[in-house]
Amino acid sequence: MLQIRGLGKTFATGDTALTDIDLDVPRGQILGLIGPSGAGKSTLIRCINRLVEPTHGAIHLGSANLVTLGSRQLRHQRRRIGMIFQEYSLVERLTVMENVLSGRLGYVSFWRSWARRFPPDDVERAFRLLDRVGLYDKANNRADALSGGQRQRVGIARALAQNPELLLVDEPTASLDPRTSRQIMRLITEICAEQDLPAIINIHDVPLAQQFMQRLVGLHAGQIVFDGPPDALNERTLTDIYGQEDWNPNHSDDEESDAREALSA
Amino acid sequence: MSAAPSPTYPRTWRRPPQIVTDRRWRVGLQVSILVYLVLAGQSIEVDWQRVVVGLERGQQFAMGFLQPDFISRRDDIMRGVVESLTMTLTSTVVGILISVPIGIGAARNLTPRPVYLACRSIVAVSRSLQEVIIAIFLVAMFGFGPFAGFLTLSFATIGFLAKLLADDIEEIEPGQADAIRATGASWWQLVNYAIQPQVMPRLIGLSLYRLDINFRESAVIGIVGAGGIGATLNTAIDRYEYDSAGAILLIIIVIVMAAEYASGAIRKLVQ
């Protein structure tokens with residue numbers, strides 16, 4: 001389904017975020033991307049829908065090479081890729097319904113979207129998705145009136161409104177409490193299973209990843225250093241991913257680095 | 001910090017100097033500022049006789065204020081106020097209509113570099129010229145009267161609003177824009193769905209703020225011939241009719257306060 005070959009990204013500042021990434025994601029597979037902050041997890045998934053422009057390599061989704069597309073074709077291809085964000089990234093001052101319908105923007109003309117007159121099929125779809133994520137009665141609320149878990153559900157509904165063939169999920173639970181995190185992960189994995197939808201999920205929390213993923217890919221300094229099932233993850237592979245100096249079982253150090261990451265997030 | 005067995009810690013702490021760290025430089029700077037102030041103070045020439053005459057005039061003026069005369073120049077004052085309000089409203093509306101596209105164009109995160117530079121230079125030109133100077137220039141071009149005033153205020157509004165709008169757009173939350181972009185939205189849809197909701201309350205607030213700035217400016221540019229209440233005020237002062245001038249000033253104050261209050265109320269409403 002998704003095929004990444006030789007993907008590399010070097011930022012204008014000269015920092016290399018990704019080098020020579022090869023990755024295949026078959027239909028229906030849920031892949032967890034783990035690694036320390038700055039390993040390039042976010043950059044990798046943002047390269048796929050080109051919110052970040054890759055420097056070299058090829059990304060095939062079905063038959064289209066996403067890297068070489070012009071802007072109009074890129075917009076067409078982006079419709080096939082739903083994205084769920086870390087801080088939900090809902091448009092706060094719009095209603096829940098507008099946020100979900102914005103998943104249809106790639107399919108409707110500017111004037112239709114401007115007048116908020118979406119085709120009946122799109123509206124029906126949006127309501128169905130809201131019902132699926134349990135927010136049917138919140139359709140007319142403003143997005144900033146919702147709780148964190150509810151917002152992420154709206155984010156999921158927005159991504160699914162695109163009728164995507166691939167889901168990109170960037171740290172979906174980083175701003176949520178442990179219980180809500182599990183509910184959100186369960187929702188995402190259930191929906192992927194229902195629709196046979198492949199997903200790449202960036203995830204910070206290793207136990208959570210092990211609980212929900214079928215396959216884990218470990219990224220370290222922009223390179224893949226682990227690729228296997230969750231139970232293949234052990235002390236040694238974790239050291240490969242997180243690095244000797246970052247990977248420290250000492251509790252207080254762990255907390256400190258967590259705090260640092262929370263600050264830089 | 002200190003020896004091993006029982007460490008003693010300092011009990012006083014002072015904030016280290018942040019800007020000029022060298023003590024000699026710091027003292028030197030302070031002394032030279034003081035010396036400059038004294039010398040500058042001595043260079044001011046005061047003509048005390050003129051001050052006495054001026055105080056007398058000031059007193060007349062204050063008396064005029066205390067006994068404002070709304071009646072004898074009523075028609076002139078009415079005409080001035082209406083002219084000023086018309087000028088204010090039309091120039092603000094026109095200014096907003098022009099400054100929104102320029103403001104969007106001047107936002108670095110939204111537009112390609114050439115468009116950005118072009119829009120920023122329009123903003124820079126508009127902002128670098130003070131209203132009074134533009135007014136003098138436009139009065140010379142289009143003659144005395146409110147049309148020159150209208151053009152002046154429109155032009156000034158563009159610089160003000162477009163700059164603040166562009167700065168505001170540059171400070172939006174990029175995640176929301178990314179999310180809309182990721183759905184395959186076009187540029188116009190991006191502006192409509194991700195940018196507009198984020199900047200609209202501030203745009204409304206700024207527009208209302210500009211409305212009352214424009215009213216105050218309309219009084220100032222009237223003095224250089226651009227019509228409105230300023231022209232009426234200028235005439236009254238030229239004729240030594242301080243009672244009428246007082247009345248005009250009071251009217252300006254009341255209108256500005258009313259505009260201030262109304263815009264505050266509306267801004268609270270749109271948050």
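Mentor: From the N terminus on, the elements of chain B run α-α-α-α-α-α-α-α-α-α, and the secondary structure comes to 10 helices and 0 strands, where helices (H or I, at least four residues) and strands (E, at least two) are DSSP runs numbered from the N terminus. Residues are numbered from 1 along each chain as its sequence is written, while chains are lettered from A and ligands numbered from 1 in the order in which they are written. This is a predicted model, in which local features need pLDDT of at least 70, side-chain atom pairs count only at pLDDT 80 or more, and totals for chains, interfaces and linings use all residues.

The pLDDT, which is the predictor's confidence in each residue from 0 to 100, averages 89 in chain B, and 99% of the residues score at least 70.

A residue is called buried if 20 or more other C-beta atoms, placed from the backbone, lie within 10 Å of its own, exposed if 12 or fewer, and partly exposed in between. In α10(B) the buried residues include Tyr242(B), Asp243(B), Ile248(B), Ile251(B), Ile252(B) and Ala259(B), and what covers the buried residues of this helix includes α2, α3, α8 (187-223) and α9 of chain B. Over the whole of chain B, buried residues make up 37% of the 271 residues.

Two of those covering helices also meet each other: the axes of helix α3 (residues 74-105) and helix α9 (residues 229-238) of chain B come within 7 Å and cross at roughly 145°, where axes are lines fitted to C-alpha atoms, for helices over the stretch in contact, and angles run from 0 to 180 degrees between N-to-C directions. Asp76(B), Ile77(B), Gly80(B), Val81(B) and Ser84(B) in α3(B) meet Ile229(B), Ala231(B) and Thr232(B) in α9(B), two residues being in contact if their C-beta atoms, placed from the backbone, lie within 7 Å.
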